[in-house]
Amino acid sequence: MKRIAFLTSGGDSPGMNAAIRSILRSAASRGIETWGVFRGYEGLLAGDMIRLGWRDAGGIVHHGGTVLKTARCPAFREKAAQERAAALLREKEIDALIVIGGDGSMAGAAALEALGTATATVPATIDNDMCGTEETIGYDTAVNTVLEAVARIRDTAASHDRAAVVEVMGRHAGHIALAAGLAGGAEFTLVPEVPFSKETIAAALTDMQKEGRTNSIIICAEGAADGQALARWLRDATGIDVCATILGYIQRGGAPTARDALLGAVLGAAAVDGLAEGRRGFLAGFRNSRTHIISYEEAFRETREFYQAGYDLAMRIGAGRSVHP
Ligand code: ADP
Ligand code: F6P
């Protein structure tokens, strides 16, 4: 293993730079040359890569985003593009590629692996929706960003006797919403994994108002409902003042928490060490407080279990009511 390239792909997430730093320095400590590819698979197809070393890892660990930039590249779903990328890596005598990204990026890495390019994936997405790892880099920071926003929104909702719908990211998963709902003390937490009825929410808000609970936080995963539309419907249905905040891209930025910077460090190193020790076609995952190597096949075979007990608790100690249809 003489030369490794690496890239960041898909939605960026806080902690990606910590993974980059760890890859650069773990490889250097093994005498492995490293090449950084800009803008994910798009940059790979364009051959947009530069030699990077120990010193280039300086001063980046505490910054959100990715110094290599990232991109989504629909073209890379085509086999012809994957073959071009594999050929380009061979031409540049790259022995392996490390992909830092989410499940889509890992699918791209698996496609390259199937074409004979040795790859490893470091799980990095705020969605925390990847199989093969308990946690993804960026998730903890995103949840803490949501908590800060919810605390501010709760202040003003309490001052105005308002219910506040807060829409959070997560694509098709509700992990960010559930963690923020539980930790932030939301009255309602709506996730795509569990059906809910807006009529039941309306009835609960009306009852709660009669009991003097005049402000509520309704955390709504983007995959569960459109936050603005839900707020509008609840306002019309109950006559209660309901406001909506779509948190959007602030959840993707900011300095990584200690947790995400730590995950970046240990998972970046695990990817380099696995490749150097002859492994390939694997996800450098995190499980039981340790890094672990899992093949793409095993990772893709796993199903990501939803934390149903956590959801039930969030409703039990939030509004104290179910919102099931
Ligand atoms: P994330 O990696 O954060 O889940 P995406 O799902 O957008 O983000 O995937 C990032 C990129 O990975 C895509 O833009 C595409 O270039 C590549 N990709 C995604 N799915 C596949 C696939 N099934 N086969 C090959 N490449 C894929
Ligand atoms: O996958 C991370 C994520 O932030 C999702 O939670 C969100 O739905 C999506 O990316 C937004 O994608 P984009 O940055 O391409 O608009």
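Predicted model: local features only at pLDDT ≥ 70, side-chain atom pairs only at ≥ 80, totals over all residues.
Local features need pLDDT of at least 70, side-chain atom pairs count only at pLDDT 80 or more, and totals for chains, interfaces and linings use all residues. Residues are numbered from 1 along each chain as its sequence is written, ligands are numbered from 1 in the order in which they are written, and side-chain values use heavy atoms, without hydrogens and water.

Polar contacts are pairs of N or O atoms within 3.5 Å. An oxygen atom of ligand 1 lies 2.6 Å from a backbone N or O atom of Cys73. For a polar backbone atom of Gly104 the distance to an oxygen atom of the ligand is 3.1 Å, and for a backbone N or O atom of Gly11 it is 3.4 Å. Taken alone, ligand 1 exposes 550 Å², of which the protein buries 84% (Shrake-Rupley method, 1.4 Å probe).

The largest cavity holds about 60 Å³ of space; a cavity is a set of points on a 1 Å grid over the protein atoms alone where a 1.4 Å probe fits but cannot get out, and lining residues have an atom within 4 Å of a point. Its lining comprises four nonpolar, four polar and two charged residues, and helix H7 (residues 198–210) contributes the largest share, three residues.

Definitions and conventions:
Polar contact = N/O pair within 3.5 Å; in protein donor to acceptor, adjacent residues only side chain to side chain. 1 Å grid on protein atoms, 1.4 Å probe; cavity = no way out; pocket = protein on both sides within 12 Å on 5 of 7 lines; lining within 4 Å. Points joined across faces, edges and corners; volume = space filled by probe spheres on them. Helix = DSSP H or I, 4+ residues; strand = E, 2+ residues; numbered from the N terminus. Nonpolar A, V, L, I, M, F, W, Y, C, P; charged D, E, K, R; others polar.
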